[in-house]
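Morning, everyone. Please look at the model on the screen while I talk.

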Amino acid sequence: MVQAYKHEPFTDFSVEENAKKQEAALRQVEQELGKDYPLIIGGERIYTDAKITSINPNNKGEVVGTVSKADKELAEKSMNVADETFEWWRKSTAEMRADILFRAAAIVRRRKYEFNAWAIKESGKAWKEADGDVAEGIDFLEYYGRQMLEIDKGGEVNSRPGENNRFEYIPLGVGLVISPWNLLFAIMAGTTVSPMVTGNTVLLKPASNSPVIAYKFMEVLEEAGMPSGVVNYIPGSGSEVGDHLVEHPNTRFVSFTGSRDVGVGIHEKAAKVQPGQKWLKRTVIEMGGKDTIVVDSEADLELAAQSIVQSAFDFSGQKCSSGSRAIVHQDVYDQVLDRVAEITKGLSIGDTSKENYYMGAVIDGSAYEKIMGYMEVGKEEGRLVVGGDGDDTNGYYINPTIFADLDPKSRMQQEEIFGPVVGFTKATDFNEAIDIANNTDYGLTGAVISNNRNHIEIAREDFHVGNLYFNRGCTAAIVGYHPFGGFDMSGTDSKAGGPDYLYNFMQAKTMSEML
């Protein structure tokens, strides 16, 4: 009997024993750095001359690993393998598929500190961020396995006398999964196994910044019993491999997490019916946000300040849910701003693979330059309170930054910066604060800090985001507890980690038999 789902506990690194285990895992992983990893197509390991090099953003001189790079020909090979495999995999039992996920979860759980270390090395995460990332990946495995077992029971429909009706869900076909670098384990794992456990076959194209941990996860799936050809590992360029497979007539669905521009492009390409294509492709797309924390005049101001700092600066603000806007009632604006500045000045930043700093580097040189460019925009549009500077000598480090007195329609308060930057805007009353919170193209997450019950109820109705939190930060959704996905230009509101998510990769079939 499968036990009831509950989320994976987080590691407390203030416990000396846990800290020592994490340090040991980092040293262990350092012994494996620089290895060369192949593609995996139909279980076959394929090495190519073209490579993707994964670099530790905390230490630009450290190569995490090199990964073979797929081209259009190999993408076509992977499609053919996945297509052939689907013909029998779609008939496998839900129990078999769920068991693979449960075994994979157990393997990752036993190797949790090691996977934390890979996440720290490959994305520059702080220890608690890496641990949360891996824990969420375990949660996806456990939760989706259980969800599949429930869905397999079928839906309840009526039958008339002399009639037997059944309503079941069947898989779609071959899907392309394009995973991001920020939650390099959790989202990669969750978007891979959700179509797999529902009976589809998968072409996994991980982000070029984080392909090594994805390869390590492929090894876990194989150890857990996943047959060859069910998930095929094909890192490659978006313009060559990605576009080819998005437009391929045999692709049945595309699951993407990443930037707005790329997501919109995928949605447009997938919408065009290609010669020989006999279905409308589905897209499951999450494209980021410009997320707001609203602070009411009637609020716990210390809670507000702590929530803003945590939401803005955890993982250097590189989450689609990061709280990059603080809309604060004018009566408490200065008090909240001063306290946030005070906390921010005490945050530590450095090489998280050497020490448990609060923040590490941003992901790469391109991100560094983009974020530093916004520093100049912020200085023109508002008042720099803390930070505003960085150092890319050894790694891509940017200090946590606060800009105050920004116009709600300024670039700083409208555009997704994806870095450790938060902007403050003053509101004259609560209704204006909610109006400002809704004034972007995005609608992913938001938070309201208030002790006024009427204001909380107003926000429930009028704050237009997919994930709305009260009296806490706007990040850190937990699988099975906070189904995740946003409105408007944040994506298709797929609600990952929720009871409806697996239906994205299935279609309903009604069968009626006269008795």
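One term first: a residue is buried if its relative accessible area is under 20%, exposed if over 50%, and partly exposed in between, using a 1.4 Å probe and protein chains only. This is a predicted model: local features need pLDDT of at least 70, side-chain atom pairs count only at pLDDT 80 or more, and totals for chains, interfaces and linings use all residues. Residues are numbered from 1 along each chain as its sequence is written, and side-chain values use heavy atoms, with hydrogens and water left out.

Now the whole chain. Of its 515 residues, 59% count as buried. The chain holds 14 helices and 23 strands. These are DSSP runs, numbered from the N terminus: helices are H or I with at least four residues, strands are E with at least two. The radius of gyration is 23 Å, close to the 24 Å from the globule rule for 515 residues, so the chain is as compact as a globular protein of that length. That radius is taken over C-alpha atoms, and the rule is 2.2 Å times the number of residues to the power 0.38. Along its principal axes, the C-alpha trace spans about 70 × 60 × 50 Å.

Next, a sheet. What is the strand order in the open sheet of three strands? It reads β1-β5-β4, with mixed pairing. Two strands pair if DSSP finds at least two bridges between them. β1 (35–37) and β4 (51–55) stand at the edges with a single partner strand each, so one side of each has no neighbour in the sheet. From one strand to the next, the twist averages 25°. β4 and β5 (residues 63–68) pair in the antiparallel sense over five bridges. There, I55 stands opposite V63 in β5. Helix α7 (residues 211–223) lies across β1, β4 and β5, at about 65° to β5. Such angles run from 0 to 180 degrees between N-to-C directions, with axes fitted to C-alpha atoms, for helices over the stretch in contact. Contact means heavy atoms within 4.5 Å.

Last stop, further along the chain. β20 (residues 445–449), helix α14 (residues 453–462) and β21 make a right-handed β-α-β unit. Right-handed means that, with the strands pointing away from you, the path from the first strand over the helix to the second runs clockwise. β20 and β21 pair in the parallel sense over four bridges, and T445 stands opposite N467 in β21. In a regular strand, side chains alternate between the two faces of the sheet. In β21 (residues 467–470), N467 and Y469 form the covered face, L468 and F470 the uncovered one.
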